[in-house]
Amino acid sequence: MDIFKSVVWWRASATFSVFALTAIGSITARAQAPIPREQRFNTGWKFLRIDPNTANPTASYDAPTTNDTAWESVVLPHTPRIEEARVRFPFQGICWYRKSFAADPAWKGKSVVLEFGAAMQSADVWFNGQHLTRHLGGYQKFQLDLTRSLKFDGPNSLAVRLDNRDTEEFPPGKPTRDLDFIYPGGLYRGASLLVTDPVHISDPITANIEAGGGVFVTTDNISPTQATVHVKTHVANDTDNFVAGCQVMSALLAADGTTVAQSTSFPVMIAAGGGHPFVQDFVVNAPQLWHPDHPALYTVRTTVLRDGKPIDQLKTRFGIRHIELGKRFRINGAELHIIGSNRHQEYPYLGYALSPAMARRDAVKIKEAGLNFIRLSHYPQDPAFLDACDELGILVQAPIPGWQMFRANASFVAQANQDVRDLIRRDRNHPSIVFWEPNLNESSGQPESFMRANYEIAHDEYPGDQCFTFGDGYPKKHGWGWDVQGFAREYGDFGFGGNESTTRQTRANGEKGMLQQTWNFLWCLNDMGKAYDDPNATFLGAATWCMFDYNRGYDKNPCWAGMMDIYRLPKFTTNFFQSQRDSHFKMATIDSGPMVHIANFWTARQNPAKVIVFSNCQEVELQLNGRTIARQKPDSGPDTPYSGKQGVTYDTNGVDYNLTGGNPFDGGNAKHLAHPPFTFTNVTWQAGELKAIGYLDGKVAAQHLVRTPEAPASLQLEFDTAHNELVADGADAVFVRALVVDKNGTVVPDAVPEVKFTAEGAGHLVGNNPLPAEAGIGSILLQAGLEAGTITVRAESPGLRVAQATIRSVPGSPVKIPAMDLSFLPPPMKAVISTSREQKTDWRYITDKPADDWQTTGFDDSQWKVGPGGFGQSDDGIVGTRWTTPDIWLRHEFTVPPGGLKNPLLRLQQDDSAEAYINGVLVQNAPNYSTDYVEYKLSPQVIQTLKPGKNVLAIHCHQVQGPQFVDAGIFSDPDKAVANR
């Protein structure tokens, strides 16, 4: 008699490649409570900042017995000291973080890894008193394997010592006093606990495999009709034994969750402590291509199988897009003019300690400013920011840490080389990243051999034709060179006066100052546009210096070259760049489409006056108190030199400064702009309402109104959420704006009263309080607590009407990556006889040997005992009836419906041996024990015995030694044959 032992197959679509070579256990093994793969580990921390003048600044607090009850309780991300909004030298020194936690019993047998998003900047970590690592560098994530030191019979102790003092060991390697930005300290990004099966998808940085580790997705052969997606997955075996039957099941999902392609690898054996790279290729028909104007995203759902059972899963987002560089930047075959800026990640008061939502709000502001590109100056930034760039369609240039310093010591060079690898390994799947910067920014002392080594490392880590490197000092020798040329990464600032640049303007400098800044950027953008419009020139685009104001060490003043200030309030430059976006471009989640903005507060002025309007419309009409002054097309005057002084230096290292200010808004210098400004001259000033109306194809498309401000009358509160709700994770914060307004609700731009804020409810204020308003607006941060709820903020100032407003925070999830999503697996088969796993099932049983025909349908079992399965005394199965004798015989009647059973199978688990019969015919002789249920396909001979009405399943189980157990069930699959599962 032929008996068929089934392989457990997965329900498959036509595009699903399935391979199975050995019999494996059922995927419906007893379910445990799901464990999230990655849990946020940000609460419950204790913190101590060491005063540099303390008697013993080098004291150690790593011991588990350290008494930290008097330390400050903090939540990550965390800054070691709340600084002034304007700070030159933030805290530098040593600080400690400690955390005690209990291990979840569900973690037994799992791999448990702690990950820090970043730590500024030298970190030593102890776990249960054992020193695990010293991590160098303040901008990258790092992991620690806690598995072998984890205690389940008592508390576990973590201790982290951070030192953000100046060092030459690793980049940037420059003292704060000489640096153009600052080194805020702390565990300023979140921490996570990763709990996985010991056989799991590795982390690309920890795996330390060139162009490998983790999940690496690349694309090629891209066209509107088809694209090829390559997925390389590295699975690590952290056990002490060889592990057989390891497979990777990968599915490509569209943004709506639809499966567009899927495949399962052959099973392999992975050596103890080793790993295996699985390579899978997919063809996607009619792909949705990633582009800044339509950033379509896909997801790879990677599931690791061991003996057919899912044991780990990771979802990786990616985009299908192709970049080409030549005389122009091309994406997916189409030319794209790069219009961008540079971002420092600093916030006032909190330094670098930004929640993921705060990073996302920055990305929203960049996209809404009309930019399609951002350079991450000058270090790796939060993956949450890159996620937002992926979603919003912002091109990214990603650099390693470095600024005007090369240290010729082995530690510094080795760390810089490793920084290139870690940067690409962490961020390589982000479609937003188009340029890599494996170069120490503006560091003239870099040997060519060092730069070339970093160039080669980058291409080794990201093989193929989609790795584009950018750096200083184009090599004079032939044979290699940075891939990106013809791109101005920083323009519009330093050449206009260095640290006294006329571009560096605060909002308090008013219309004149902000228009001067805008003119500098506008004039440069137009001047560079000549190269872009020249078919013989190589020019990809440019990025302003910079997006947001920031603090720095080497100058007493912050850098005020930002298009927005450090509080993320826009200057007129933001409105100008908004006008450069296509009026037809619309994105539902952000401010987009047609726009018009009057760069004027319409305060009293001498006549005749000049009014500048920025718009992406074809015409703009300017009205004053309802009367039309003019309706005109954009500026079209000639291009002229910036001033009588020879030239403008774009190079940020230049010294040929131009402090003249030029001739702002002369009606020209705009022929090479996408949308020139509208300059209205000879306007007679009159108090009241100034209104700009933008027209497209003769129809009103956008409007903007400004009113002459009157005397300050009251305060008005606004919460700047940038379309992202305040998250109750203990770290997220939004700006609260106190606007000084007149009786009409118009902001009074020259009002600078002191404003005091108070907050009640599920949050607290962070920052100087009270504080002076700047240009009519005072900003403070409102940070959420750990419980969602309403927060009421109140602002008051002498002589002004008090303002009050409320905001509600939303719950923050403790889970970063949830437990495996198995919703794509086939639904359970229909139970004809349920095993004890599904529900209580009664069987007739006897422990004394019955008559020889005991397994047939006609046998009389009325004198047998009745009890629920399973039977035995094993902890490995669900025992409903105790069984301690060497043998047991079981019978259960079941009904076959008139239509019969479709694709029936037997599910059996036994210890030690068993024979199973249906209607007296042997289904399976299982001479050895099984550790889980195994499915057996019924032979044709057995199926022929199944008749509508009563049938019987009969089992004999014999126990030899150790635990004993037996349980069984019959199932049918009405949708698909067993051989196709």
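This is a predicted model: local features need pLDDT of at least 70, side-chain atom pairs count only at pLDDT 80 or more; totals for chains, interfaces and linings use all residues.
After the helix comes Gly393, and its phi is positive, near 85°.

Strand E28 covers residues 373-376 and strand E29 covers residues 395-399, and the two pair in the parallel sense over 3 bridges. If you want a landmark in that pairing, take Phe373, which sits opposite Leu395 of E29. On the sheet you'll also find helix H4 (residues 410-427), packed so that it touches E29 and E30. The direction of H4 makes about 170° with that of E30. Helix H6 packs on the sheet as well, touching strand E27 (338-343), E31 and strand E32 (541-544). In this case the angle is about 170° with the direction of E31.

Time to step back and take in the sheet as a whole. It's an open one, built from 6 strands with parallel pairing, and the order reads E30-E29-E28-E27-E32-E31. Strand E30 (433-437) and E31 are the edge strands; each has a single partner, so one side of each is left without a neighbour in the sheet. Neighbouring strands are turned against each other by 20° on average, ignoring direction.

Is Thr502 buried or exposed? It counts as buried, because its relative accessibility is 14% and the cut-off for buried is under 20%. The side chain of Thr502 makes a polar contact of 2.9 Å with that of Asn520. Leaving aside residues up to four places away in sequence, Thr502 touches Phe496, Gln516, Gln517, Asn520, Tyr642 and Leu659.

One last stop, at another loop residue. Ala106 lies between strand E6 (94-101) and strand E7 (111-116). With a relative accessible area of 32%, Ala106 is partly exposed. Its C-alpha atom is separated by 44 Å from that of Gly173, a residue 67 positions away along the chain.

Conventions
Residues are numbered from 1 along each chain as its sequence is written. Side-chain values use heavy atoms; hydrogens and water are left out. Helices (H or I, at least four residues) and strands (E, at least two) are DSSP runs, numbered from the N terminus. Buried means under 20% relative accessible area, exposed over 50%, partly exposed in between (1.4 Å probe, protein chains only). A polar contact is a pair of N or O atoms within 3.5 Å; within protein, one must be able to donate a hydrogen and the other to accept it, and residues adjacent in sequence count only if both atoms are side-chain atoms. Contact means heavy atoms within 4.5 Å. Two strands pair if DSSP finds at least two bridges between them. Axes are lines fitted to C-alpha atoms, for helices over the stretch in contact, and angles run from 0 to 180 degrees between N-to-C directions.
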